[in-house]
Amino acid sequence: RRIITTVARYYDIKLEDLLGSSRKKQLVMPRQVTMYLMRTEIKASYPTIGQELGNRDHTTAMHAFEKINRALGDNTTIQHDIHLIRQQLYND
């Protein structure tokens, strides 16, 4: 839950929007970052991640993890965002 609330605060979006079903671009990336962090930081299973984030299918969590993992290779914005979110997670 801490990861979810930290990501929502970082991107300045409502918790219910992050957990909701909207596919608006401004919500998709934070949601994928949340799934990625849940997998890397707390080793949550894909089904658990999907369930925590609005009862999504586990394949959605797998796709999100892979997408962010690939993006970390060349997207400095995502690298920066994840670095700052991790700082907030462990410094609060």
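Helix H3 contributes the largest share of the lining of the largest pocket, namely 4 residues, where helices (H or I, at least four residues) are DSSP runs numbered from the N terminus. The structure is a predicted model, in which local features need pLDDT of at least 70 and side-chain atom pairs count only at pLDDT 80 or more, while totals for chains, interfaces and linings use all residues. Residues are numbered from 1 along each chain as its sequence is written, and side-chain values use heavy atoms, with hydrogens and water left out.

A pocket is an open set of points on a 1 Å grid over the protein atoms alone, where a 1.4 Å probe fits, with protein on both sides within 12 Å along at least five of seven lines, and its lining residues have an atom within 4 Å of a point. The largest pocket has a volume of about 280 Å³, the volume being the space filled by probe spheres set on the points. Both H3 (25–42) and H5 (58–71) supply at least two lining residues each, and the lining includes Arg31, Met35 and His63.

Ile78, Asp81, Ile82, Ile85 and Leu89 of H6 are buried (under 20% relative accessible area, 1.4 Å probe, protein chains only; exposed means over 50%). These residues cover an arc of only 95° around the axis, which puts them on the same side of H6, the arc being that of the directions from the helix axis to the C-beta atoms. The face turned away from this buried side carries the exposed residues Thr76, Tyr90 and Asn91.
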